[in-house]
Amino acid sequence: MISNEARGRVKKLGEPMALALGRLGLTPNGLTLIGFGITAVGAILLAGQLWLAGGIVVFAGGVFDMFDGTLARATGRVSRFGAFMDSVFDRWGEALVYVGLIAGLHAGGWVNGPTFAGAAMAGAFLVSYVRAKAEGLGFSPGTGMAAVGIMPREVRLVILCGGLVLASLLGVDRVAPGSSFENGGAAAVPAGILVIEGALAIIALGAALTIVQRVLHVRAQASREVSERPS
């Protein structure tokens, strides 16, 4: 699990860069949109099977995304609308990344890859939904739920982008039209594809465990509330 204290220390490291961007006239909401744009470019690269470039750009978009909240806190411009914008565009960007992966893997002829990517996307969105629903009902207010579970967004980002970079180094080839693999026959799957599928499988399984961890966390809070009620 990544504690909120650890998150705070990492975000503190990015404060000088965030303030520098602020001095250029960029607002926290503007940084949110720029980070989303970078991520969208990464998704397009993945759809084009440019795994190395896509992995690097998606990671850059994820790192850039931390600057909006950091700038807002450092300049006293924190707002509920800003937090709303950040959450919405985070989810939108993550969706585009997985759609790009599905498109790229499908275009390359790898029949199992899109299934892994779809499972990872579903798990990632459920992790976020469980947090949002819990906080909306008054459980773990603030950022309390963010520290619960082994597969928050930061970990998913590192695993996915690390997998894409490693896959590129190992080699990822297209399935040749008319090949035995394309026609349902046996063929060696490149190590790079196995790495991408493995990274997606880890995200999907880790997300499932995180969902269970968060459900149990909320159940424990609900049980304490019941026990603390005056009889």
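View 1. Val212 counts as partly exposed because its relative accessibility is 43%, where buried means under 20% relative accessible area, exposed over 50%, and partly exposed in between (1.4 Å probe, protein chains only). The place of Val212 is in helix 8 (residues 191-228), helices (H or I, at least four residues) and strands (E, at least two) being DSSP runs numbered from the N terminus. On the surface, Val212 forms a nonpolar patch with Ile150, Leu209 and Leu216, and together they have about 310 Å² of accessible area, an area that comes from the Shrake-Rupley method with a 1.4 Å probe, only the protein chains shown counting as cover for residues. Patches are made of residues with over 30% relative accessible area and no salt bridge, like charges being joined within 9 Å and nonpolar side chains (Val, Leu, Ile, Met, Phe, Trp, Tyr) within 5 Å.

This is a predicted model, in which local features need pLDDT of at least 70 and side-chain atom pairs count only at pLDDT 80 or more, while totals for chains, interfaces and linings use all residues. Residues are numbered from 1 along each chain as its sequence is written, and side-chain values use heavy atoms, with hydrogens and water left out.

**View 2. The salt bridge between Arg153 and Asp65.** The side chains of Arg153 and Asp65 meet in a salt bridge at 3.3 Å, N to O, the term standing for a side-chain nitrogen of Lys or Arg within 4 Å of a carboxyl oxygen of Asp or Glu. This pair links distant parts of the chain, with Arg153 in helix 7 (residues 153-170) and Asp65 in helix 4 (residues 51-74), 88 residues apart. Arg153 counts as partly exposed at 25% relative accessibility, whereas Asp65, at 9%, counts as buried.

**View 3. Arg91 and Glu94 within helix 5.** A salt bridge joins the side chains of Arg91 and Glu94 (3.7 Å, N to O). Because they are three residues apart in helix 5 (residues 80-107), about one helical turn separates Arg91 and Glu94. Arg91 is partly exposed, with 22% relative accessibility, and Glu94 is buried, with a relative accessible area of 10%.

**View 4. Arg131 and Glu135 within helix 6.** Arg131 forms a salt bridge with Glu135, and their closest N and O atoms are 3.0 Å apart. Both residues lie in helix 6 (residues 113-136), where four residues, about one turn of the helix, lie between their positions in numbering. Arg131 counts as partly exposed at 27% relative accessibility, and Glu135 likewise counts as partly exposed, at 25%.
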